[in-house]
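Subject: Structure handover: pockets, cavities and aromatic pairs

Dear colleague,

Here is the structure I said I would pass on. My notes on what was found in it follow below.

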Amino acid sequence: WEFNGSFYQPSAFLMMGIPGLEALHPWISIPFCALYLMALSGNCMLLCIVKKTQSLHEPMYYFLSMLAVTDLGLVLCTLPTTLGLFWFNVRRIGFNACLTQMYFIHVLSFIESSVLLAMAFDRFIAISHPLRHASILTKTTVVKIGLAILLRGVVSLLPIPFLLKRLTYCGKTELSHSFCFHPDIMKLACADIKVNVFYGMIILLSTVGMDFIFIVLSYVLIIKTVISLATKEECLKALNTCVSHICAVLVFFIPMIGLSMIHRFGNNVPPLINTLVAYTYLIIPPALNPIIYSVKSSHIREALLRALRRRK
């Protein structure tokens, strides 16, 4: 195609599956289906248990419910295009549909990061000021924190689709994944993308980057408080309440940081590694979070067992 400097936007992009393994896509879809099923059923189960169990109506489980809703949103954003490509080889996605999917994927990722920070704050208050925990994190405060998290994610990423729509695109329309990702779309443009790169980096560092720093700081303060406790048993009991949250933080942030580094600095990284890290980032946390919290939280396990006994 010849553009002669004129403005051009493609009508659609072409999504990619797993490079080099296109012939095996129907078989590869089996573990993906299992992970999606685990994510959908596990997070719905968590939401039902928290809603129906009065003893779980506490700040920790309200934040866990926010995490479950966010994970469900991430799953529903990527499931149609991923399974559509693996099952029916549907590679085409409209330009505006791609921008919409990209926006919701990034918004939900930023919301998940903020929810994990709120959960770290909850653990800090519960361990450092146990007697004031209920008075500090009231239901009204939790709702306000949830609304602030939602507003922060929605507003901070609102300019991204418009920044992409103003660009002129070249003839290449193949994305690197079976979903739309901001750095991936940006690299297909022929125009100057410095504004997109700068804004994306600033937003990433000021939201997810700051969330991670404050989570680490929260645990530094938690460890400092735990060390001051009288007995070893009290220390272990206090730290045990944080294990599931630490696992959720690691499962979310490690792939996210890896994917961001690959997109910005990993020009020589094999496409297969890029694809695997992207799928790990978007599919593994929603599938594992319900398992992590069900295994480590005795309250959730007991509520689940009571629900199963009632059904029997």
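I start with the largest cavity, where α3 (95–128), α7 (182–186), α8 (194–227) and α10 each supply at least two residues of the lining. Please keep in mind throughout that this is a predicted model.

Largest cavity

α10 gives the most to this lining, with 4 residues. The volume of the largest cavity is about 200 Å³. Its lining has 16 residues, and those nearest the centre are H106, F110, H182, L204 and R264. By type, the lining of the largest cavity divides into 10 nonpolar, 5 polar and 1 charged. The search of the whole structure finds 3 cavities of 30 Å³ or more.

Second largest cavity

About 60 Å³ of space lies in the second largest cavity. The residues that line it are M60, F63, M119, D122, R123, T241, S244, H245 and Y293. Here α2, α3 and α10 each supply at least two residues, and the largest share, 3 residues, comes from α3. The lining of the second largest cavity splits into 4 nonpolar, 3 polar and 2 charged residues.

Pockets

The largest pocket holds about 480 Å³ of space. It is lined by 18 residues, with K172, S176, D184, P271 and N274 nearest its centre. α10 (243–265) and α11 (271–296) each supply at least two residues of that lining, and α11 gives the most, with 3 residues. In the lining of the largest pocket, 8 residues are nonpolar, 6 polar and 4 charged.

The second largest pocket has a volume of about 380 Å³. Of the 16 residues lining it, M60, Y61, R123, T241 and H299 are the closest to its centre. Two or more lining residues come from each of α2 (59–88), α9 (232–240) and α12 (298–311). α2 gives the most to the lining of the second largest pocket, with 3 residues. That lining divides into 4 nonpolar, 8 polar and 4 charged residues.

Three residues named for the second largest pocket turn up again: M60, R123 and T241 are among those nearest the centre of that pocket, and M60, R123 and T241 also line the second largest cavity.

Aromatic pairs

The structure holds 13 aromatic pairs. One of them joins F32 and Y279 edge-to-face, at 4.9 Å centre to centre and with 80° between the planes. This pair links distant parts of the chain: F32 sits in helix α1 (residues 25–52) and Y279 in helix α11, 247 residues apart. Both F32 and Y279 are buried.

F252 and F253 form another edge-to-face pair, 5.0 Å centre to centre, with 85° between the planes.

Best wishes

Key. Residues are numbered from 1 along each chain as its sequence is written. This is a predicted model: local features need pLDDT of at least 70, side-chain atom pairs count only at pLDDT 80 or more; totals for chains, interfaces and linings use all residues. Side-chain values use heavy atoms; hydrogens and water are left out. On a 1 Å grid over the protein atoms alone, a cavity is a set of points where a 1.4 Å probe fits but cannot get out, and a pocket is an open set with protein on both sides within 12 Å along at least five of seven lines; lining residues have an atom within 4 Å of a point. Grid points are joined across faces, edges and corners, and a volume is the space filled by probe spheres set on the points. Ala, Val, Leu, Ile, Met, Phe, Trp, Tyr, Cys and Pro count as nonpolar, Asp, Glu, Lys and Arg as charged, and the others, Gly among them, as polar. Rings of Phe, Tyr and Trp (its six-membered ring) pair if their centres lie within 6.5 Å; planes under 30 degrees apart count as stacked, over 60 as edge-to-face and the rest as tilted. Buried means under 20% relative accessible area, exposed over 50%, partly exposed in between (1.4 Å probe, protein chains only).
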